[in-house]
Structures are given as structure tokens and as C-alpha cells.
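Let us take a walk through this protein together. Have the sequence and the 3D view open, and we will stop at a handful of places along the way.

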Amino acid sequence: MRERIYHFALNHPIIVSLFSLLLIVAAAAGGKNLVFKSDYRVFFSEENPQLTAFESMQKVYSKSDNVAFVVSAKSGDLFTPEHLAAIHSLTESAWQIPYSNRVDSITNYQHTVAEEDDLIVEDLVLETEDLPNADMAKLKAIATNEPLLVNKIVSPDGSVAIVNVTVQLPGINPVEEVPEIMSKVYEIRDAFVPNNPDLELRLSGMVVMNNTFAQSSQDDAMTLIPLMFAMVVLSMIFLLKTISGTLATVVIIITTIAATMGLAGWSGIFLTGPTASVPTMVLTLAVADCVHILTTCFYEMRHGATKKNALETSLRINFGPIFLTSITTAIGFLSMNFSDSPPFRDLGNMVAAGVMIAFVLSITLFPALLMLLPIKVKQREEGHSDKLDYLADFVISKRKVLLPGMAAVIIGLLLFVPQNELNDDFVKYFDTSVPFRQATDYMQDNLSGMTTMEISIDAGASSAINEPEFLHATEAFSEWLRQQPETDHVNTLTDTIKRLNKNMHGDDESYYRLPESRELSAQYLLLYEMSLPYGLDLNNQLNVDKSSLRIVGTFENITSNDQILLEERIYAWFAENAPQYQVHVASPSLMFAHIGKRNIESMLWGITLALILISALLGVALKSVRYGFISLLPNLAPAAMGFGLWYFIDGQVGLALSVVAGMTLGIVVDDTVHFLSKYRYAQTHRGKDPVEAVRYAFASVGRALWITTLVLVFGFMVLAQSSFKVNADMGLLTAITIFIALVVDFLFLPPLLMLLDKGSRNKQNSGANA
């Protein structure tokens, strides 16, 4: 069957080319359906418990997606008439942002004062025209001493402030909602900056982060994919010295990517940060099949074969190994379906499909193109194989040193794998060149981080939040939370109630405490709520029947481990001090904190299953259960060594790296398959002993292995330049693992084979002598 396929491609290249291109165009047409989904929620499956808890909380209280305009004064003081007028204007403009339902700033902060028996609730800055300088010190003192504002809306020194816009994303068309918001945000920014040269404006917040996911991926597509194409073309021309072969390979790459992305569009897959890297991965992997076919073809042509006969021989020799490596690579990527994060499942499925498309095209369209293109092979290239002959001689002569030496290196690096910390920081998903990261770091340094936790405390009955016992427990918890070393700010209703109690007692500071009766608390809140303007009510803190309230803690940009530990401390505090109340903790940052660990746990099952399937396939393909087991070591060692080396590079394993082991498992098998298949071929078809079989494997496939490894390493190193750290770390560790795989297959696998097969060969010889 397989011979009919490539014979038809060689005998009817024009028909095969036209038919292949027709199918590719049909598949690629689905690309029009691809859209980028810029929402951090795409990283979480519907079954994710943290996502479920967060969405449940948002149904009770108002949503917390936001845009933060971070305003700073170059002079170091925002409290001047001109600067406050600018912030007031920015606050008014922010209401024009689509889906906005609340805007908080220092100018519209609802300041309360007592006038005789009346409670006055009004904006801190009512009018911006002719603001007297004499009022600036008073306004600054109020703002920088108000617990609800300081370290959240304004810095303690009054040099930085935030205009925080809360948006209610409908979720009807998530593809368009975030860009629609950001379009207006950019319009407001571009109008504000030229008119206020003494102020600096930065953008942060969850909506900005969502948009940055899309922007980073689009920037990568504009830079990384063209760069990778250039790397592939130049490396193939330099290493293989063939224009025609390079041109045919580029056609296979382009058609494979087009078909892969088109089929994703037809299947309804959204583009996300991880899946946006699919073209780079497919581009890299598609090269390997072509290089193996080309190198064998050139080898035959250098020995006098015609182009057609050389291609026929190359396809006959490489069909099995290429099919096997494609299947194992696809299995490795399909293991990502065990990931707890949907974008990584989509990534695995898309790349697995791309790998199989590349295989089909490499045995049909690729040889057809080579038949149509002129190919010249210069005899002087024969000498290039001498370097691999030298390497083979070195490995054979030093095998007694290399085997224990490489084993020691493998074990040594393996010992450092547990030293890696399972940790993550979602703000650092973007490198420091990204404006969102710069703004968020600046906000962290001057105000507060983006790490938040929303704590919902259920009092158990309607209006029960006004009970003195409940309020005192809430205040005690709020004070405890403020004292935690990670805490930047705590937004709690008890601060508002204490302020109202003080106001209703003639602003006497001694009454800045909680009321002693439920009735007073209820009256104060009712009076206050009736005085609040639209969009600044207490719906973000209270549920409808006032049976529960929400406290929002804002913290430094702490890592996932620190967040999980803090969450545990919060639950422990309530278990010890207020066990009668039901408590839930949730937030986007907490969702990211948990998913890395969950992803690693789920991926372990995927890797185990993939390893079993791959080893079984190798055993069947090599017609030897023994060699199937032997292959386990060189297949597992590279990923383990890569993670051991990662300890010295970074030391943290998060969401991105939790899928690398499964992803690279299929790729690193390629080298093992090709080397073992040639080794077994030399033994079974040419009767060579283990030493000569190793020498034959180096001579026949060694060059193709190091060329494909270089191309793969180049490709993933290009991905490592991504400004999106999830892709960058994934690319870097994958490149390291692939390079280690070549070292293991060249310096460890041959000595291992010669040692193990020496015993079996001796048994065969002794049996023959008997």
C-alpha cells in the first residue's frame, strides 16, 4: 500500500501536486473562522473548582473585571488644582468606556461629613474650576488617610493615583468585547496625555491583561514566524546545500501550517496565547520529515543513483521511521489533552494534526515537487560524512567511559528535578518590554499589586450583616488581613460603617468604631446608600438581602505558592475565630495559582499513557519487545535532564512548563526511532555485529539527526524570544530537551546497545559453537 502511494507520487508528480494543493486550499479556507479569544478565563476548564467559585461569587456581587488608569505626577504631587482637574476629567471620560458600571477615583470618592444632624455625602472634589490652592493640603490629608483609598486609589505620598473602571463584560461575544473596551481606553489615553504633559498615564487591570494576551500573540506572529522561516531556509541551504530541496521543504511547511490552522478554524477552535504558537511549532516539526528524505536521497545520488531511483529508495527506507516518529510525536502532543487548561489541549490537538498532515505531504507532495524541480548533487559533498565517522569511532572506542559517564550526568541532573519549585506569577507571563507589565510593576512599586483575593462571608440570614457579632468578626478579620506581610490594601465594609458612626456623632474621633446595635448599623447603611450616586453604590460589597458581604484584599504580586498559603491561612483564621460563618475565597489570581499544580497532576497521567503507547509502538515497529524497553531510557532521560537543568536556569515550574514533558516526549523519540531502526536494519538485513551496526547507524542517519535537531532547536529558540513568557519558557525548555535528546542518542544509547547486545551476541555464538 505504502509503495503504491509514493510510486504514484513519483510517476505522476503534476497530478499529485495539483490534487494536494486543492485539498490544502479547502482545508485552509477554515482559517477565516479563526478569531483570538482575549480572556484569561480561557485558561480554565468549566470543571475548574476555582473558576466555579469565582463565577459564583460574581453572580452574588458585581463583577470585578477592570481597567486601571495609573496617573502619576512628574513633580511628585498630584494634589494641585491642575492635576486634580485632569483626574476629574479622566474620571468623567472613563464612564464612556463600553460596559462600565463603576468608576472610582480620588475626585469622586464619596466623602462623608456631619453638619449638625445631617449626613453630607458628596464627591471629594466637586468642582474643578477655580480650585483654591489652600484646599490642596486638606484634600490630600483626607485622601491619604482614608483606609478605602490609600494604597488602592492613591499612594501614601500622593504622587500616584488610579482611576479604576469596573466593567461588566456581557460574555455574549467575548472576541469583540475586550477590543471594543480597549479601543475606547486608547482613545481616552491618547486625548489625555497631550493635554497633561506634567502627568504620566499607564494602563493596567484585568481587561488590559486580557488584551495583552492578544497583542503579544499578534506581535509574535509578526516577528517570530518570519524569523523562523528565515532560520529554516538559511539553515537548510547552509547544511544541505540545496536550493530545490529547500524550496520544496518551504512549500511543505506553508501548506502544512495553512491546512492545520484551517482545520482548527473549521472545528471552531479559538486562538489563544498558547495556540498562537502552533504555526511556529508545526513549521519546526514539518522540516524533520523532509530532511530525512532529502539526506537519504542525496546519499543515494552521490553513489550514482538517478533522482527517481534515489527518491524511491529514500521513501522506502524512511517511510517506516517517519511514520513512526510522526505517530509518536502526535501521541506526545495528544497527551496534552490531559491538561487542565483548555488552550493547551487545543495546542496539543492542533500540533498533533499538523504533524500527521506534514507526514502525508512529505510522502506525497514533497517527492512530487522534487521530481518537478532540478536537483544537482556534487560529489565533493561525500567528504562531509567523515565528521560522523570520526564521531562513531570516538563513541565506539570510548564506550566504556561514555556509558558510566553519561549515566552519572543523567542521574546528577535527575537529582535536581525535585529542587524546582512548582510556582507561578501570572503578571510575569509578560516580559518587561510589554507596557502592561511595566504599568503593573509601577503600580506595585507605588500603590499595590494586581494580586487580589475576594473573601465572601455569609452571615446566614437576611440583614444579618448588621449584627454586632458579625461586624466585630469581620473587623477582626480585616485587621488580621491588614497585618499580613503580603497585604497592600483591604477593602472592607466595616471601615465605612465606622466612618459613618463617627459622622453621626458630630465627627467625634472617639466614635470611629462599630455601632453597638444592629438597628444603628442598618440605619447608617440605609442613609448612606440613599445618598450615593449611580455607579458608586455598595453592590460590590453586599449581596441583595444583606446576608453576606465581600472583602477584597489586594496584595503584592506574590507567586502562586504564596497565594495558596495565604488562602489556607484565611480559611484557618475563620475556622479558629469565626467558625459559625460560611466563607469562600476566590479571584482570578487565585485561579492561576492553583492551575499550575492541577495541570502537573493531570499531565502525569497523560505522560504515563503516552509513554506506554510509544514504547509499545516502538516494540512492534522494531519487532522486539526488548528494544521497546531499551528505548524507554533515552526517551525519558532528556525531559528529566531538561527539568534538572532548568533548576539552574529559573528554578520555577508553572503552567507553561507543566506540559513540556508530554509535549517533548514525542519529539525526542524521533532521534531514538531513527537511530534504533538503522541499528536494527544493520543487524537483521546486513548481519553486522553491534559495533558495526552502531557505525552504520551513525553513517546512514547521523547527519539527518543533527540537522533536524539543529532546525528544531533553532525553531523553539525563536519561540523562546516571545514576549509572552508562557510561550518563551515552553520554547526554551523544549529546545534544551531536544538538544539533550541528541546528546543522549549519540553518546549514551550506542554504548548501551553495544553493552546489552554484546551479551546476546556472545550467547548466539556459544550456541552456534555447541
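What you see is a predicted model, in which local features need a pLDDT of at least 70 and side-chain atom pairs count only at 80 or more, while totals for chains, interfaces and linings use all residues. Residues are numbered from 1 along each chain as its sequence is written, and side-chain values use heavy atoms, leaving out hydrogens and water. The score pLDDT is the predictor's confidence in each residue, from 0 to 100. Across the protein it averages 87, and 97% of the residues score at least 70. Two stretches call for care. Over residues 380-385 pLDDT stays under 50, and the model has seven contacts there beyond four places in sequence; a contact means heavy atoms within 4.5 Å. Residues 762-770 also stay under 50, with zero such contacts. Where pLDDT is low, the predicted coordinates should not be read in detail.

Now find the open sheet of four strands, whose order is β2-β5-β1-β6 with antiparallel pairing. The names come from DSSP runs numbered from the N terminus: helices are H or I runs of at least four residues, and strands are E runs of at least two. Two strands pair if DSSP finds at least two bridges between them. At the edges stand β2 (100-104) and β6 (199-204), each with a single partner strand, so one side of each has no neighbour in the sheet. From one strand to the next, the twist averages 20°. Strand β1 (residues 66-73) runs antiparallel to β6, joined by six bridges; in this pairing, A68 has S204 of β6 as its bridge partner.

Helices pack on this sheet too. Helix α4 (residues 81-94) touches β1, β2, β5 (160-167) and β6, and its direction makes about 10° with that of β5. Helix α7 (residues 206-240) touches β1, β5 and β6, with its direction at about 105° to that of β1. For these angles, axes are lines fitted to C-alpha atoms, for helices over the stretch in contact, and the angles run from 0 to 180 degrees between N-to-C directions.

Further along the chain, look for strand β8 (residues 451-458). Is this strand mostly covered or mostly uncovered? Seven of its eight residues are buried, so β8 is mostly covered; buried means under 20% relative accessible area, exposed over 50%, and partly exposed in between, using a 1.4 Å probe and protein chains only. Eight bridges join β8 to the antiparallel strand β10 (residues 548-555), where G553 stands opposite M453. Strand β8 also pairs with β11 in the antiparallel sense, over five bridges, and there S456 has H584 as its bridge partner.

Next come the rings. The whole structure holds 21 aromatic pairs, where rings of Phe, Tyr and Trp (its six-membered ring) pair if their centres lie within 6.5 Å; planes under 30 degrees apart count as stacked, over 60 as edge-to-face and the rest as tilted. F43 and F592 form a tilted pair, because their centres are 5.9 Å apart and their planes are at 55°. This pair links distant parts of the chain, 549 residues apart: F43 is in the loop between α2 (13-28) and α3 (49-60), and F592 is in helix α20 (residues 588-621). Both F43 and F592 are buried. F470 and Y581 are edge-to-face, because their planes are at 90°, with centres 5.1 Å apart. F470 belongs to helix α16 (residues 468-482), while Y581, 111 residues away, is in the loop between α19 (560-577) and β11 (582-586). Ring pairs also link F43, F44, F213, F430, F436, F592 and F724 into a cluster.

Charges can sit over rings as well, which here requires NZ of Lys or CZ of Arg within 6 Å of the ring centre and within 35 degrees of the ring normal. K37 lies over the face of F270, 4.6 Å from the ring centre, and the charged end of R202 sits over the ring of Y442, 3.7 Å from its centre.

We finish in two loops. Y99, between α4 and β2, has a positive phi of about 70° although it is not a glycine. S463, between β8 and α16, is another non-glycine residue with a positive phi, near 65°. Y99 counts as partly exposed at 29% relative accessibility, and S463 is partly exposed with a relative accessible area of 25%.
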